[in-house]
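Dear colleague,

Please find below the structure that I am handing over to you.

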Amino acid sequence: MATIMIGSARIDERGKLSGGAVGDQKQTSRTNDTKGEVSMQPFYVHSKGWYILRPKNAALAAKMAERMTAACNNKNIGYDQGNRLGVIIYSINTKTKTECDCSSLTRQVVKEASGKDPGNFTTANAAAVLGATGLFMSKIAYVSQAKTPIYNGDILVTKTKGHIVVVVSGHPRSQTQNSGSGSSVAKGEYNMQTIRKGSKGKAVKIWQVILGYTGSKIDGIFGSGTEADTRTWQKAHGLTADGIVGAKSWKAGLESA
């Protein structure tokens with residue numbers, strides 16, 4: 001399994017909670033940035049422990065992962081608790097230099113991914129406020145990846161006031177992993193629909209999520225790149241590596257996602 005990566009607003013360019021220049025003064029890359037004030041890092045177990053807030057709908061989870069990735073790669077968004085609502089005003093795709101903190105950025109990720117603004121919260125009450133939106137399953141106490149696996153789009157918030165992050169890559173959810181009234185994709189809708197190079201549409205997007213794609217790579221177009229990645233995936237799963245997603249590939253993909 002690929003390294004699980006999380007994204008969040010972390011600290012300002014001086015290692016402080018407030019002050020400093022607007023925008024991300026530490027960012028060195030526009031692709032999967034790991035150095036900036038707002039950036040990605042490998043998953044870790046926080047000293048205060050994590051609660052998992054999992055979107056009920058897998059499509060929403062994928063969109064949340066994409067939105068946090070976009071925030072981490074936007075050099076115009078920096079960290080400042082004293083100016084934390086800047087990202088709410090200007091959005092994740094802002095071209096105006098602005099600021100956020102970990103809670104306000106997560107709020108904007110949820111807002112842009114779902115179209116529903118959960119309202120203001122901090123890490124002290126994030127679980128309650130986000131839970132009240134109806135978008136998330138009941139909070140889960142993280143134990144280990146074996147016992148309580150985390151998936152792309154999950155929100156992780158510390159059990160007491162501390163930090164909040166979004167899982168951006170490394171363990172994708174199948175579009176069939178939905179819960180409650182938010183579930184909109186039936187398993188049988190995809191697992192027998194053969195797709196191959198040249199195919200387009202929702203089924204291709206589902207397959208790309210299974211392959212581990214995030215963000216703009218989930219484009220619903222089965223091109224040469226998706227075909228090559230499919231062959232590699234099929235070989236790793238003991239299947240005929242023909243680049244064609246039929247019943248056997250769907251079954252293996254949906255069971256392992």
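The radius of gyration used here is taken over C-alpha atoms, and the globule rule is 2.2 Å times the number of residues to the power 0.38. Please note that this is a predicted model.

Overall dimensions come first. For 257 residues, the rule puts the radius of gyration of a compact globule near 18 Å; the chain has 18 Å, so the two agree. The C-alpha trace spans about 55 × 35 × 30 Å along its principal axes.

Among contacts with a separation of 6 or more, 59% are between residues 24 or more positions apart.

The secondary structure consists of 7 helices and 8 strands. An open sheet of 6 strands, with antiparallel pairing, runs in the order E2-E1-E8-E7-E3-E6. Its edge strands are E2 (38–42) and E6 (140–141), each of which pairs on one side only.

What does E6 pair with, and over how many bridges? Strand E3 (residues 50–53) is its antiparallel partner, over 2 bridges. Within this pairing, Ile52 has Ile140 in E6 as its bridge partner.

Notes: Residues numbered from 1 in each chain as written. Predicted model: local features only at pLDDT ≥ 70, side-chain atom pairs only at ≥ 80, totals over all residues. Heavy atoms only, no water. Helix = DSSP H or I, 4+ residues; strand = E, 2+ residues; numbered from the N terminus. Contact = heavy atoms within 4.5 Å. Pairing = 2+ DSSP bridges.
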